[in-house]
Amino acid sequence: MRDEFDEPQPAVETNVATGATAAGAPASLLPQVPAGIQLLNRDFLTDVANIPDESIDLIVCDPPYGLGKDYGNDSDMRTGEEFLAWTRGWLELAIPKLKPSGSLYIFCTWQYAPEIFSFLKTKLTMINEIIWDRRVPSMGGTVRRFTSVHDNIGFFAVSKDYFFDLDPVRIPYDAITKKARSRKLFEGSKWLELGYNPKDVWSVSRLHRQHAERVAHPTQKPLEIVERMVLASCPKGGRVLDPFMGSGTTAVACARQQREFVGYEINESYCAIARERVSAAAAPSAPRRAKAKTQRPTEVQ
Ligand SMILES: C[S@@+](CC[C@H](N)C(=O)[O-])C[C@H]1O[C@@H](n2cnc3c(N)ncnc32)[C@H](O)[C@@H]1O
């Protein structure tokens, strides 16, 4: 597993026997993804046994939500107890892969968050519930209840000694707010100079069709959300697992932030998109950033 992980890979899945792509192009002509980034067109549940136990610093999981989305397969057609049993099943397989200092973020919705979080609390320590406010514009919508505009994200850790690096994700104050907090009491405070700890409501626009980041995946997550998780919860050079990588957002964050990555996706065309995205993010001309200094979620200071 380790040797395979370290090999640079072609940016599109190849025929293992011939080395050719589905389109017939030799793999050597295709854009490469960096060593340390492993994008697998495989089923996580049947392949997870290949990951050594306690080898992963961070799991970012964005599974099917049980709401009937079309991912070109029937993976989101389970609902109710069937969905929850499936969720418990793959979480049981994933959790042993975490190091003792490791942590896990799981995206879900209000419909199933209570059951999923209750289950995870029997296995891990709950650190936060993060609310992703998708900044959905006000429209007519439902008239029988309040409009739902958020996703729930559970943040869990293996132990109280979990890795957490606040500095790369601190949010700097703007000059006006900083001035307003210039009382003697605050002088010399690290948070005033370097910025404050992001709150647990992350207000980030969903990726609508015109968004520059958007690719052909129905539930692609914004890079700035996932990149914050990677920066805060995985040490540089550490290893991240994404069991349901979709268009490869977590892989892109890892390529940009020098973390190793292993991800699974059963839809071949999403895998190809992930490879294209990682390849572009790793290109020498791609913008680099050591810290999350741009595109911060908007927060009330
Ligand atoms: C919510 S999407 C992930 C989106 C991703 N975070 C992104 O930003 O593009 C869930 C993905 O899991 C994939 N999937 C479903 N069951 C799977 C399985 N058993 N193994 C690997 N991938 C699976 C689906 O095809 C779908 O693309």
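**Terms and values in the predicted model**

Modeller: In this predicted model, Leu84, Thr87, Arg88 and Leu91 in α3 meet Glu115, Ile116, Phe119 and Leu120 in α4, where two residues are in contact if their C-beta atoms, placed from the backbone, lie within 7 Å. By class, the residues of that contact are five nonpolar, one polar and two charged; Ala, Val, Leu, Ile, Met, Phe, Trp, Tyr, Cys and Pro count as nonpolar, Asp, Glu, Lys and Arg as charged, and the others, Gly among them, as polar. As a predicted model, it has local features that need pLDDT of at least 70, side-chain atom pairs that count only at pLDDT 80 or more, and totals for chains, interfaces and linings that use all residues. Residues are numbered from 1 along each chain as its sequence is written.

Biologist: What makes α3 roughly parallel to α4?

Modeller: The axes of α3 (residues 80-94) and α4 (residues 113-121) come within 11 Å and cross at roughly 30 degrees. That makes α3 roughly parallel to α4, because angles under 35 degrees count as roughly parallel, over 145 as roughly antiparallel, 65 to 115 as roughly perpendicular and the rest as oblique. The axes are lines fitted to C-alpha atoms, for helices over the stretch in contact, and the angles run from 0 to 180 degrees between N-to-C directions. Helices (H or I, at least four residues) and strands (E, at least two) are DSSP runs, numbered from the N terminus, and the chain has nine helices and ten strands.

Biologist: Why is Cys254 called buried rather than exposed?

Modeller: Cys254 has 31 other C-beta atoms within 10 Å and is therefore buried, since a residue is buried if 20 or more other C-beta atoms lie within 10 Å of its own, exposed if 12 or fewer, and partly exposed in between, with C-beta atoms placed from the backbone. Cys254 lies in helix α8 and, not counting residues up to four places away in sequence, touches Ile37, Val230, Val240, Arg259, Glu260 and Phe261. The C-alpha atoms of Cys254 and Cys234, which are 20 residues apart along the chain, are separated by 9.5 Å.

Biologist: How do you know that α8 is mostly covered?

Modeller: Eight of the eight residues of α8 (residues 249-256) are buried, and what covers them includes β3 (37-40), β4 (56-61), α7 (223-233), β9 (239-242), β10 (260-264) and α9 (268-282). Over the chain of 301 residues, 34% count as buried.

Biologist: Why are α8 and α9 called roughly parallel to each other?

Modeller: α8 and α9 pack at an angle of about 20 degrees, with their axes 9 Å apart, and they are therefore roughly parallel to each other. Ala251, Val252, Ala255 and Arg256 in α8 meet Ala274, Arg277, Val278, Ala281 and Ala282 in α9. This contact of α8 with α9 has seven nonpolar, no polar and two charged residues.

Biologist: Is Pro114 buried or exposed, and how do you know?

Modeller: Pro114, which lies in helix α4, has 11 other C-beta atoms within 10 Å and is therefore exposed. Pro114 and Asn152 are 38 residues apart in sequence and 9.8 Å apart in space, C-alpha to C-alpha.
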